[in-house]
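Welcome! Take a moment to look over the sequence and the structure, and then we can walk through a few places together.

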Amino acid sequence: MTYPVKINMRLKFLQINLVSRIIIICFLLLLLPLKSIAQDLYDLENSRKYAEYLFSSQQHSLAAEEYERLIYFDEDNAGFRLNLIKSYRLSGDLNSGINRIYSLYGGSLYQMPENLSKEFLKMELLTDSLPEVLDFLNRNKTISGSNRAVFQSYSLLLAGDYVKSGMFIRNAISDNTPIPLNILMISEKAERMKLKSPFIAAGLSAVVPGSGKFYTKNWTDGLISLMFVATNAWQAYRGFNADGVNSAYGWIFIGLSSSFYIGNIFGSVKAAKRYNKNKKNEIDNQIYEIVRSDTD
């Protein structure tokens with residue numbers, strides 16, 4: 001009498017086991033397409049499209065990461081290399097870009113394609129590595145004459161040699177070498193720029209306190225210097241006039257007046273140097289902006 005019960009229980013167990021197997025098989029069948037889709041998302045073509053999207057949408061840090069992965073797939077692809085280096089430059093990660101060029105080209109640095117040579121020069125300019133720029137221009141074999149002239153113009157302007165840069169650019173134009181109009185305009189502006197002489201600033205302040213700072217257009221500082229020196233000198237005069245050379249009051253204020261007077265001369269020298277530096281920074285920043293934003 002117990003056999004039918006055992007048989008029924010076994011049949012139920014087999015049915016449950018069969019249903020479980022069917023569920024597992026269906027789950028695996030569903031999982032296989034998802035796995036293939038995930039693999040497709042990371043294949044070379046889709047990765048390339050994603051990297052191009054990141055680059056075009058100016059997400060350059062993320063684009064650099066994606067192009068690094070693409071180069072892992074295809075290290076010799078010139079387009080991937082160029083866009084990787086551009087992404088580093090446009091993201092501001094200049095040291096990574098320079099180091100990556102060295103790792104990709106090593107001993108063939110001076111024979112690498114012109115577009116990558118230009119990227120290398122741009123990053124060296126933006127890191128203010130002017131000796132490296134000039135050395136690279138002298139040894140490189142792939143940069144055209146026109147591009148070479150443009151980078152030489154950048155270097156001369158960033159070095160602050162405005163007279164030489166103006167002569168170089170005019171000679172290049174007279175030789176029919178194309179120089180961008182914005183570079184010519186910056187060079188002409190730099191040549192017209194009037195810098196201040198620290199020697200003249202010191203001399204003016206020695207004659208009339210504060211006048212050296214007026215010369216450098218620091219009107220407020222100049223007025224304060226004049227007032228401090230003049231006020232303390234007047235107080236010293238009053239003390240000596242009342243009590244003679246034994247006036248402690250007079251000696252205190254003559255000391256203060258002398259300190260302000262000497263400080264005013266040194267301050268005028270610093271003001272002239274600071275004025276010149278600010279003017280140079282205006283030119284430098286215009287060059288940097290062109291180089292930094294250039295996507296060609």
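Leaving aside its neighbours within four places in sequence, which residues is Lys 141 in contact with?

## A lysine in a loop

The answer is Tyr 110 and Gln 111. Keep in mind as you look that this is a predicted model. You will find Lys 141 in the loop that runs between helix H7 (130–139) and helix H8 (145–158).

Lys 141 has a relative accessible area of 64%, so it counts as exposed, the cut-off being over 50%.

## Aromatic pairs

Searching the whole structure turns up 7 aromatic pairs. One of them joins Tyr 67 and Phe 80: the ring centres are 6.4 Å apart and the planes meet at 50 degrees, so this pair is tilted. It links distant parts of the chain, with Tyr 67 in helix H3 (residues 60–73) and Phe 80 in helix H4 (residues 78–91), 13 residues apart. Both Tyr 67 and Phe 80 are buried.

Phe 120 and Phe 136 also make a tilted pair, with ring centres 4.8 Å apart and planes at 45 degrees. Here Phe 120 belongs to helix H6 (residues 114–126) and Phe 136 to helix H7, 16 residues apart. Phe 120 is buried, with a relative accessible area of 2%, and Phe 136 is buried with a value of 2%. Together with Tyr 102 and Tyr 110, Phe 120 and Phe 136 form one aromatic cluster. Tyr 110 is also a contact of Lys 141.

## Charges over rings

Arg 81 lies over the face of Tyr 105, 4.9 Å from the ring centre. Lys 196 lies over the face of Tyr 215, at 4.9 Å from the ring centre.

Notes. Residues are numbered from 1 along each chain as its sequence is written. This is a predicted model: local features need pLDDT of at least 70, side-chain atom pairs count only at pLDDT 80 or more; totals for chains, interfaces and linings use all residues. Side-chain values use heavy atoms; hydrogens and water are left out. Helices (H or I, at least four residues) and strands (E, at least two) are DSSP runs, numbered from the N terminus. Buried means under 20% relative accessible area, exposed over 50%, partly exposed in between (1.4 Å probe, protein chains only). Contact means heavy atoms within 4.5 Å. Rings of Phe, Tyr and Trp (its six-membered ring) pair if their centres lie within 6.5 Å; planes under 30 degrees apart count as stacked, over 60 as edge-to-face and the rest as tilted. A charge sits over a ring if NZ of Lys or CZ of Arg is within 6 Å of the ring centre and within 35 degrees of the ring normal.
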